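These exercises look at charged pairs and nonpolar cores. Work through each task before reading its solution.

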Amino acid sequence: MSRPAAMLLAIMMVLGLPTPATAASRTDLRGVGALVDGIVPGQLVRERIPGAAVTVVAGGRTVFGKGYGLADVERHVPVSADRTEFFTGSMAKTITANAVLRLAADGKLDLNADVNTYLRRFRIPDAYPGRPVRVRDLLTHTAGFEDDVLGRSWDDPAKVPSLERIARRVPARVRPPGTLVAYDNYGYTLAGYLVEAVSGEPFDRYVERNVLAPLGMRGTTFALPHPPAVDAALAAGYRPDGDGFSAYRRYYGATPSGVGPVTTAADMGRYMIAQLQGDPRLGRGVARQMQARQYAQDPRLPGMGYGFEEWPRNGHRRVYKGGDVSGFHQVMALLPDDGVGIYVVYNGEGRSMGEATVLAERLVDRIVDRYFPARPGERPAPAGGDTSAYAGTYVPSRVRGDMLGFGTLFSPVTVTSTGDGTLHTSGLSPDPDRPEQDWVRIGPGLFAERGGQERIAFDGHGHLAGGHTEEASAYERRTGIASPVLHQIMLYAGLTAFLVAFAAIPVIALVRRLRGHRATHRSAWWLAWLTSALALAFAAGIAWLFIVDSDNAGDAIFLGSTVLTGALVASSTAFVLTAGLVAFAATAWLRRWWRPAGRVAYTLLTLGAAAFMTVAYVYHLVGGVFA
């Protein structure tokens, strides 16, 4: 570096001005626009997505920014990288973490303090004495809260409760903090409330004044309701519908966790530049803290920053954050050592739920692979040995307190030992093009993906980490009565019993009547038929929502629907009636009702109903899920 350049850099550092990264100044991204142009339009056509926007920054400036397709199909409004606003989803968590760290940098908040230090109107229960939830735990998804999102989002921003009221709904603490990473929306809601409690001003106003305005992010807001100018520029989120598109209903919630805030692709470019340059306007040292590893489930694997996750690629350090809300999917990737940032957003689901997120990740990977190819180096040698101890069924460590936990019943991760120090997994990758992967052991409990770049690790206590999971989460092995495989068997056994009873009981009753036989204890059989009908109605409603009409499942879950409400009422009623089946079955044997075959049939139905309802209860499909 020349003497004048060195003097200029020193002056900028003294004045606290952003300084360009040395690596960034050497980065050559010529042709990146042509690369993106050759990919995104084809994605939109193939996957039936109306629009997208992409921003790429390098060397302290935006080197590419462009909108594609339509922001509003009905009005035929094109996407503009500068003007079109998109819902951020969980991308907003990076701003929330930034706000918390800004307060810490100003000496107003201690990241290692018990969060109760800053709470006045409510407390986090002392579920694990001596293990309080610290502020830093909230930012690394390690606070140990149960995650419950039902009933916490609204479709009218004017009716969203205050952040304090939302934060006061403290979910159960399911594990000691700092022991396992598990994606946690409530943790970030509470972090946002701490910003309010410590700063003495509303969260959205603090963020606007201390993060957005200093960077010139005029197209970004955390305020609810949105200012009129924001709603006028806000893209609609779509799903394919026949030959056209249907728009999702918009819903809002706890803005610190990401439901409600909006931004533009150009603003995300400004934010990425500030992050890459360590801009002091974010707070002194804040960008470095956010991008640095703050927690790792296994030190040999990528870990968590504050608001960011480590997703290295080709040997290059890369920090990542995605954001998903119905109709909007995006990712932001920073390569801090190379001074490059990439932001991609779509305003559509694609042909299947979650497909747009995968498309965004693929586009980011294509850009990284073009300009930052794999660095030369030796791949670790296979270690071999017996891997049977790691085989089993695993579920995400994210403990659901609502019916969304039902998804883990049918999508667990299965790990199979294939011999010679290798494993085979199914369901670990979020990419539908590679649902199954093979892994080679390269160290104690450590495996490298065959033909890929991912790694997974087992801690010897039933936990699996790594594998480029869709969101920050580890996995826990489930065996015995907690096994999803057993729960599936119980569910299908119950459904079979209900189907047989629903069809057979009326037929048998009719045949007996035609033959002139007088039925005894008919109330027991008709209770069995009614319970079966309700359970089947519930199963049909859930199947409709999550299989036949899966594109609308998000609206149904977060905003409610008559189908979902009816299904849950049916399951809850059937759950209560199952107690009557148990009583009748016991009485039938004690008082010798019917012939032995009849008693056996009734008992089998009762056992099937009990199995089905046990699973429904465990996965929060009965009871007050909208309380």
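A salt bridge is a side-chain nitrogen of Lys or Arg within 4 Å of a carboxyl oxygen of Asp or Glu. The model used here is predicted.

**Exercise 1.** Show that D365 and R318 form a salt bridge, and state which parts of the chain they tie together.

Solution. 
Step 1: The N to O distance between the side chains of D365 and R318 is 2.9 Å, and the cut-off is 4 Å, so the pair meets in a salt bridge.
Step 2: D365 belongs to helix α13 (residues 355–371), while R318 sits in the loop between β8 (309–310) and β9 (319–325), so the pair ties together parts that are 47 residues apart in sequence.
Step 3: D365 and R318 are both buried.
Step 4: Through shared partners, salt bridges join R313, R318, D365 and D369 into one network.

**Exercise 2.** Describe the surroundings of L190 in the largest nonpolar core.

Solution. 
Step 1: This core has 77 residues, and L190 is among those that touch the most other members, together with I124, L138, L139 and Y271.
Step 2: Leaving out residues up to four places away in sequence, L190 touches V115, L119, F122, I124, L138, F145 and A167.
Step 3: Another core, of 41 residues, lies apart from this one and includes M490, F498, A528 and L564.

Conventions: Residues numbered from 1 in each chain as written. Predicted model: local features only at pLDDT ≥ 70, side-chain atom pairs only at ≥ 80, totals over all residues. Heavy atoms only, no water. Core = buried A, V, L, I, M, F, W, Y, C linked by side-chain atoms within 4.5 Å. Buried < 20%, exposed > 50% of the residue type's maximum accessible area, 1.4 Å probe, protein only. Contact = heavy atoms within 4.5 Å. Helix = DSSP H or I, 4+ residues; strand = E, 2+ residues; numbered from the N terminus.
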